[in-house]
Each structure stands twice: as C-alpha cells, then as structure tokens.
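Please look at the model first.

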Amino acid sequence: MGIDILGRLTLFYYICNMKKWSTKHKECVKCNTKEIRHKAKGLCLKCYEKNRDIDLQKKRLHQIEYRKKHIEKVRKSQRDYKAKRKKEIHTLLGCECIKCGFKDSRALQIDHINGGGYTERKQYNKSPSKYYKNILKSIINKENKYQLLCANCNWIKRYENNEIKRK
Ligand SMILES: [Zn+2]
Ligand SMILES: [Zn+2]
C-alpha cells in the first residue's frame with residue numbers, strides 16, 4: 001500500500017511539473033493553452049517548437065539572400081576590376097585600331113601580335129583578372145606582344161593567318 005501511495009504521489013508531481021507554467025505568464029502567449037508544458041518565453045512546448053522551425057526557416061532564407069547579395073557584390077567588383085584594367089591597357093596601346101584607326105573602345109580588342117591569344121585566354125579562364133594583369137605587365141615591360149585591333153581588322157587578321165577554329 002505504502003509503495004502505491006508513493007507511486008501515485010510521484011506521478012502527481014510529475015504531472016504537476018509537466019503542466020508547470022512560467023511565473024511570468026499565465027498561459028501560452030500564442031495559443032492560450034495551459035494544457036501543454038511551458039517551454040520558454042511564455043510558449044507551450046508545441047508553440048515553441050513551431051516558432052523554432054519558423055525561426056530556422058527565416059534564418060536559412062536570410063543566409064540564402066545574403067549569399068546571393070554577396071555573390072553579386074563579388075561579381076560586380078570583378079567586372080569593375082576587368083573594366084578598369086581593360087581601360088588601362090587600351091590607353092597604353094593608343095586607344096585606336098592600329099590598322100584602320102577605329103576609336104570606339106566597345107569594338108576594340110586586345111590582339112596578340114604573334115597569335116596564340118585563344119590558348120592564352122583559355123589558360124586564364126578561371127582568373128580573368130590575372131589575364132589582364134599579365135597583359136598589362138607585358139605592355140609596361142615593353143615586350144611588344146599586344147596591339148589594339150578593331151573587331152573587323154581582328155577577324156580579317158584571323159582569316160589571313162588561318163587562326164579560325166572550325167567546330
Ligand atoms: Zn501554445
Ligand atoms: Zn580596324
């Protein structure tokens with residue numbers, strides 16, 4: 001008998017503790033229940049877990065957004081860097097096509113005087129900034145490897161030198 005009473009008492013305390021509510025909150029601030037155990041911040045266990053899932057989702061979304069923004073930032077700075085280097089190279093090479101004098105930088109191309117531009121560009125595929133840096137270095141060192149050609153003159157040169165790659 002004695003053990004039975006003790007057992008019942010333990011069970012009673014256990015249930016009391018299960019339903020114990022925070023001293024600050026009378027009931028769950030979300031669903032107004034007192035039936036489910038209080039977890040934290042005035043929330044019952046169910047509401048707390050629901051809230052945590054939403055928080056996690058928000059956090060994950062925020063991370064994805066942040067990464068997206070960050071990538072855009074990185075790409076923009078890469079674009080800016082490339083544009084800057086390109087402008088420097090154009091300036092050093094005279095800002096016009098050496099064959100016909102065409103001046104619009106949008107259609108001016110950096111030409112490898114002795115060919116091999118395709119392989120060189122491929123080599124730097126993963127690091128275009130390095131590619132431009134090397135060209136700049138070469139020009140400053142007066143290696144005479146590069147010249148400016150407009151797109152038309154560049155294509156004509158490729159045909160004349162048999163540099164066209166047929167796919
Ligand atoms: Zn609740
Ligand atoms: Zn030209």
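Q: Why is Arg121 called partly exposed?
A: Arg121 has 13 C-beta neighbours inside 10 Å, and a residue is buried if 20 or more other C-beta atoms, placed from the backbone, lie within 10 Å of its own, exposed if 12 or fewer, and partly exposed in between; Arg121 therefore counts as partly exposed. Arg121 lies in helix H3 (residues 117-123), and its C-alpha atom is 7.0 Å from that of Tyr131, 10 residues apart in sequence.

Q: What kind of model is this, and how are its residues and chains labelled?
A: This is a predicted model, in which local features need pLDDT of at least 70 and side-chain atom pairs count only at pLDDT 80 or more, while totals for chains, interfaces and linings use all residues. Residues are numbered from 1 along each chain as its sequence is written, and chains are lettered from A and ligands numbered from 1 in the order in which they are written.

Q: What makes up the secondary structure of the protein, and in which pattern?
A: There are 5 helices and 4 strands, where helices (H or I, at least four residues) and strands (E, at least two) are DSSP runs numbered from the N terminus. Along the sequence they follow the pattern α-β-β-α-β-α-α-β-α.

Q: How does the radius of gyration of the protein stand against that of a compact globule?
A: The protein has 36 Å, whereas a compact globule of 167 residues would have a radius of gyration near 15 Å; the radius is taken over C-alpha atoms, and the globule rule is 2.2 Å times the number of residues to the power 0.38. The C-alpha atoms fill a box of roughly 110 × 30 × 30 Å along the principal axes, and 10% of the 167 residues count as buried.

Q: Why are H2 and H4 called roughly parallel?
A: The axes of helix H2 (residues 45-92) and helix H4 (residues 128-140) come within 10 Å and cross at roughly 20 degrees. Angles under 35 degrees count as roughly parallel, over 145 as roughly antiparallel, 65 to 115 as roughly perpendicular and the rest as oblique, so H2 is roughly parallel to H4.

Q: Which residues make the contact between H2 and H4, and how do they divide?
A: Among them are Tyr81, Arg85, Ile89 and Leu92 of H2 and Tyr132, Ile135, Leu136 and Ile139 of H4, two residues being in contact if their C-beta atoms, placed from the backbone, lie within 7 Å. The residues of this contact divide into 8 nonpolar, 2 polar and 5 charged, with Ala, Val, Leu, Ile, Met, Phe, Trp, Tyr, Cys and Pro counted as nonpolar, Asp, Glu, Lys and Arg as charged, and the others, Gly among them, as polar.

Q: What makes the phi values of Cys95 and Asn144 worth a look?
A: Most residues other than glycine have a negative phi. Cys95, in the loop between H2 and strand S3 (108-112), has a positive phi near 65 degrees, and Asn144, in the loop between H4 and strand S4 (146-150), has a positive phi near 55 degrees.

Q: Are Cys95 and Asn144 exposed or partly exposed?
A: Cys95 has 13 C-beta neighbours inside 10 Å and therefore counts as partly exposed, whereas Asn144, with 10, counts as exposed.

Definitions and conventions
Axes are lines fitted to C-alpha atoms, for helices over the stretch in contact, and angles run from 0 to 180 degrees between N-to-C directions.
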